Amino acid sequence: MLDLDSDYVPGVGNSYVSSEPEVSTSSTAYSPVVVPNALTVTPKKSASFNLEAYLQGVPAIVCLSHLRWDFVYQRPQHLLSRFAKHTQLYFFEEPYFEDNAEPRLETHQREDGKVTLVIAHLPHGLTPDESDAKQIELLNVFFKENNLEQAVFWYYTPMALEITRHFKPSLTVFDCMDELSAFKFAPPRLLELETEMLAKADVVFTGGQSLYEAKKDRAKEVYAFPSSIDKAHFATARQNHAEPADQANIPHPRMGFFGVVDERFDIELLRDLSSKRPEWQFVIIGPVVKIDPAHLPQAENIHYLGGKSYQELPSYLSGWDVAMLLFAQNESTKYISPTKTPEYLAAGRPVVSTPIRDVVRPYGDLNLVHIAPCAETFEAAIEKALTQKEDKDWMRRTDDYLAGISWDKTWQNMVSLMHNVTKEKQAKKFRAGV
């Protein structure tokens, strides 16, 4: 399987429990909500159905992920923690390889026991085929003991097919949140396995509109679901926060970025901006992965603060004057849909971004985010953004847009589609006399 970090990596600590108000699903019929950011595709609507009753009929959700639950709190955790309120959730992580390890599965509880993490421990020195064979042996026993043969399988990486393709889940979901094949160190077989995954999945969700356009003709049921927002959590940045100690002594104006600093980060853009405007302070939050830290620009006005927990982010955002999306223009950023875009906006920060397609559409087109393709235009855009915090019309339009999106709505639309596809599968089996 594949281990890649897709977006923001916080510090070590317990998983964040969303503060976003939940939509009641207890006993009322639920009608799907149109996904506001799905510019081309809208989920199919069917007769109203009881969301809770449907989920009670799902024995368990089995997630196969390349991201670790405790290492990243983003799209997978927001969506899957909602499932865990209705049914059992098993989150299978990448294996750990250790000297002389006895092959075994280790389990841990998260989200007050509603989420079970399952991690294989394997000895160093195994070939990929041997590693897969050991994991298959372990999974066969675990699935039988926990009655998971008819669970819903939820994939984040096609690489997991190597150890799960022999199972026959009741429903197969592929939440394609990134173009993993474009990431640094992607396995050669990833594209081949993605083709198999797209053919196998009963329904495919994509993490953005551009990714939807790239996948829509490769599977029957493909729907765009850009990552959403926990508005209540990030809106606290609009209030006065006690300055975090490592940011408190940094002068203003501050331009901030949080996220993984990897091959997607525009190192040269940061270097140029810091050189052109030494009076501006650039705050970079997040770990450096897959690139040599020695290649990062070093200057008195660049401050690398390392990884922070999800809970801490609003306190840092509160002290920024402008938030930045410092993404390079390369293959690894071609299909990304940065979750941090609505998070920055919910915090009330003006945003300047390089021309990432899923930021241009819709945020740039709606004049909610400044789009700048080079250092000169980025500098000019920051100058405009520095005057924007008092722009009431911009803030009103931003809040109007954000009012239409939430992780609740995203999740509910996904469940609606799962319900529809499940009914179609059952109808086909009935007609076939199975």
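This is a short tour of one protein chain, stop by stop. The model is predicted: local features need pLDDT of at least 70, side-chain atom pairs count only at pLDDT 80 or more, and totals for chains, interfaces and linings use all residues. Residues are numbered from 1 along each chain as its sequence is written, and side-chain values use heavy atoms, with hydrogens and water left out.

Start with the whole chain. It has 15 helices and 15 strands. These are DSSP runs, numbered from the N terminus: helices are H or I with at least four residues, strands are E with at least two. Of the 434 residues, 58% are buried. Buried means under 20% relative accessible area, exposed over 50%, partly exposed in between (1.4 Å probe, protein chains only).

Next, show the aromatic rings. The structure holds 20 aromatic pairs. Rings of Phe, Tyr and Trp (its six-membered ring) pair if their centres lie within 6.5 Å; planes under 30 degrees apart are stacked, over 60 edge-to-face, the rest tilted.

Select Phe-258 and Trp-320. Their ring centres are 6.4 Å apart and their planes meet at 40°, so the pair is tilted. Phe-258 sits in strand E10 (residues 254-258). Trp-320 lies in the loop between helix H10 (313-317) and strand E13 (322-325). Both residues are buried.

Move to Tyr-363 and Tyr-401. This pair is edge-to-face, with 5.4 Å between centres and 70° between planes. Tyr-363 belongs to helix H12 (residues 357-364), Tyr-401 to helix H14 (residues 392-402).

Finish with the ring cluster. Ring pairs link Tyr-90, Phe-92, Phe-142, Phe-143, Phe-153, Tyr-155 and Phe-167.
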